[in-house]
Amino acid sequence: MIKFLEKFRFEPRLLLALGLHSVAIIAYQLALMQMLSVIQWHHFAYMIISIAMLGFGASGTLAVIARKWFIKRADWMIPSLMILSGLFMVISFPLSRQEFVQFDVYILFTEIRQFPRLAINYIIFFLPFFFGALAIGLTFIIYSKKIGTYYFSNLIGSGIGGIVALLILSYVYPEQSFPIIALFPVISGIIIISKKYRFFQYSCISLSLVLSILFFFNPPDIKISQYKNLSTTKTLPKAEVIHSEPNIYGVIDVVSSPALRYAPGVSLSFKDKMPVKPSIFVNAELYGAIPKHNDTAEYNIHDYTTMALPYVTNHRDSVLVLKASTGSAISHALNNNAGKVNGVIENQAIINLMKDDFSDMSGDLFNHSKVKINHQESRAYLNEHHGKKTYDLIVLPILDAFGGTAGLNALNEEYDLTIESFQMMWDMLKPEGMITISSWMDYPPRTTLKMLSTLVEIAEKNDIEDIEKHLVAIRSWGTITFALKKTPVNPVEIEKIRNFCDNMYFDPVLLPDIKPEERTKYNTLEDDSFFAYIDEIIHTDRESLYNDYGFHIRPATDDMPYFSQFMRLSSIPYLTEVFGPTEMPFLEIGYLIVFITFLQSLLLALLFIIVPLFFLRKTGKGKFPTFLYFGALGLGYMFVEIIFIQRFVLYFGHPIYAITAVISTMLLISGIGSYLSSRIKYVQQSAAKINLLIAAIILAYALFLTPVLEATISSNDIIKIILGLLLIALPSFFMGFSFPLGIKHLSHNNESHIGWAWGINGSISVIATSLAMLIAVEQGFIIVMTVALLCYFLAFVAMQLYKKQQ
């Protein structure tokens with residue numbers, strides 16, 4: 001070994017190569033997730049990425065099985081593996097687009113042939129991660145005594161990789177990003193290229209470069225799922241994509257067609273021609289229709305929908321439109337003589353399009369003198385302006401979709417629909433103000449009941465005794481609109497609502513003096529239990545309904561911000577019996593896919609962890625502490641990362657800012673910790689103390705992080721950025737010590753375990769993503785943080801076990 005290491009002397013170049021290679025691994029992961037989110041949905045992206053990232057676990061397994069063989073050939077294997085990783089980054093996506101392997105997650109539960117296609121996709125995307133991880137793992141094994149320096153290079157490169165991915169995706173389409181990202185590992189291989197097997201290495205380099213150029217200028221047809229909104233819209237007569245652009249928020253497409261019309265739940269009394277409206281899509285999902293605003297128009301199409309409810313009852317001078325999308329609700333407010341309309345939109349690219357390219361098409365709506373467009377997440381706007389501004393009306397967007405969404409939004413964090421968010425809205429209402437929210441009718445009722453539960457609990461929280469006097473709702477053939485008024489609804493307003501319903505063939509659902517027969521005067525329901533549930537939520541003990549109902553309809557909170565998540569694991573057998581095994585998954589396919597992803601990841605991870613044990617039988621003691629230590633680190637680090645992202649989404653005001661800040665800061669600062677760990681002499685003792693310290697820091701964060709963030713959330717951006725980065729950096733710095741100290745301990749005591757430790761850490765990290773999501777959905781993020789604390793305490797325990805076994 002010593003003689004070999006003397007030959008293996010390209011340390012500075014290897015450090016540079018390792019850093020560049022790590023840039024590519026993270027950047028490719030993010031670009032692949034973006035691409036798969038466009039083609040399918042983000043759930044499929046998680047599914048593929050989770051299995052593909054198990055390449056890290058598989059690389060550790062192979063490193064154990066063939067450790068000596070790899071070490072003898074490491075001088076040419078490491079650069080070759082880097083180059084192969086780059087090559088497969090170029091060709092994996094085009095391979096996955098071949099007809100015989102194309103997979104559609106939407107029909108996974110109805111077509112058996114989707115499963116072998118899914119398996120092939122796993123293998124295709126597994127390869128670049130496997131080769132890349134094996135190159136990193138071999139480097140760690142060979143330089144285990146200098147692991148702090150090499151892990152530093154790996155983490156710094158990974159941190160930069162997140163930023164690189166965002167920059168690339170801001171200017172090129174995801175399918176064009178792969179050839180660019182693939183250049184990083186190819187260049188890494190060139191930097192440390194070996195004298196041995198140069199023909200093979202140069203051949204792979206040449207092939208990678210040629211294919212990179214080819215696929216950048218001629219990317220493969222991405223073939224979006226036939227069930228995505230963009231695909232179905234393109235089937236309309238004379239449908240045409242009139243604009244398309246890449247963006248960090250997602251790929252934006254604008255489609256026009258003479259048959260493309262937008263009038264959600266429009267009244268059957270409407271006799272005019274439906275307005276033709278081009279629509280904007282983000283990642284192939286409908287974002288909104290472009291309204292043609294006209295101040296002098298005789299009517300707005302929304303005047304013929306249930307969403308006209310707040311304007312029927314009274315004049316609304318100041319209006320706040322949250323998640324304003326393309327501005328349909330803004331146009332509606334202006335046509336109802338609003339004096340000032342604030343629209344909140346999270347996507348700057350959409351704002352730019354509406355103000356510039358599509359200004360004429362929209363009637364210059366976003367540049368209207370009475371309109372102010374705010375580029376923020378809706379919850380961030382409420383946080384910033386809470387206690388500073390008041391409105392006559394606060395409008396939320398229509399929820400769900402015509403025909404349902406099959407639960408594809410189940411795991412979206414919707415902070416604008418939590419109890420805390422609605423409380424801020426309530427506080428921002430003027431005395432006669434109103435909050436209004438609409439939804440497509442769903443069956444079994446879920447969205448509608450959860451929406452009502454949220455409004456009722458807000459009213460109770462603000463000491464409203466006669467809730468039925470403050471809450472009204474009307475229903476069309478397809479939609480329902482709820483409105484919560486700060487003061488009681490008066491008789492004049494009640495009469496206006498009844499007259500409007502009669503004119504539009506709508507039915508009142510909630511009124512202070514509602515009669516049962518009014519609820520189905522024009523639009524009947526096959527199952528009128530919906531009304532019984534509504535009455536139970538308002539008039540009786542809601543807790544029994546929350547506990548006994550087959551779906552989660554308890555209001556969402558900041559700790560569990562999954563408004564669209566309704567599935568109960570305990571209800572799956574009953575729902576399968578009622579709806580059948582092929583229909584049940586479509587009640588909430590997103591949640592089920594994450595659950596399946598977790599099970600798949602768990603089984604494969606266990607395989608990668610257990611198989612090496614057969615090759616480590618002669619290594620003596622220490623296997624359980626090794627598994628416990630590196631498994632705990634893999635789980636704990638990812639849980640802390642996920643907690644930080646969840647908390648800082650609210651603080652920084654946008655998911656992209658939060659994800660970038662958290663991932664990049666954690667990796668970069670952990671890299672500094674890793675580098676400094678190389679100076680520590682008493683490895684075992686120091687590792688135990690540091691992991692105990694990390695557990696203590698997480699405990700402190702569990703108690704004080706949220707209050708600190710809430711107290712400073714209204715501060716100026718500079719203070720928030722500095723404080724936010726410091727809060728992320730503190731535990732990240734110490735977490736950077738744990739892994740290299742563990743590897744350094746093995747290098748002195750049981751060197752044959754190093755590859756296995758690398759595999760354990762990689763495998764468990766992958767499991768952590770889906771596991772944390774499931775725990776957050778079922779129990780809340782505070783429990784995720786508690787598990788993270790326990791993980792680092794277990795890492796401390798593992799070091800004590802090492803000590804006892806020595």
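I began with cavities: on a 1 Å grid over the protein atoms alone, a cavity is a set of points where a 1.4 Å probe fits but cannot get out. Points are joined across faces, edges and corners, and a volume is the space filled by probe spheres set on them. By this rule I get 2 cavities of 30 Å³ or more.

Ground rules: this is a predicted model, where local features need pLDDT of at least 70, side-chain atom pairs count only at pLDDT 80 or more, and totals for chains, interfaces and linings use all residues. Residues are numbered from 1 along each chain as its sequence is written, and side-chain values use heavy atoms, with hydrogens and water left out.

**Second largest cavity.** I looked up its volume, about 50 Å³. Its lining (residues with an atom within 4 Å of a point) is Val 640, Ile 643, Phe 644, Ile 698, Tyr 701, Pro 731 and Met 785. Helices H23 (623-652) and H25 (683-712) each give two or more of these residues; H23 gives the most, with 3. Helices (H or I, at least four residues) and strands (E, at least two) are DSSP runs, numbered from the N terminus.

**Trp 477.** I found Trp 477 in the loop between strands E10 (471-475) and E11 (479-485). Trp 477 counts as partly exposed because its relative accessibility is 38%, and that class runs between buried (under 20%) and exposed (over 50%), with a 1.4 Å probe and protein chains only.

Next I checked E3 (279-282) and E4 (285-289), which pair antiparallel over 4 bridges; pairing takes at least two DSSP bridges. Val 282 has Glu 285 in E4 as its bridge partner. The hairpin has 2 residues between the strands, and Asn 283 in the turn has a positive phi of about 55°.

Definitions and conventions. 1 Å grid on protein atoms, 1.4 Å probe; cavity = no way out; pocket = protein on both sides within 12 Å on 5 of 7 lines; lining within 4 Å.
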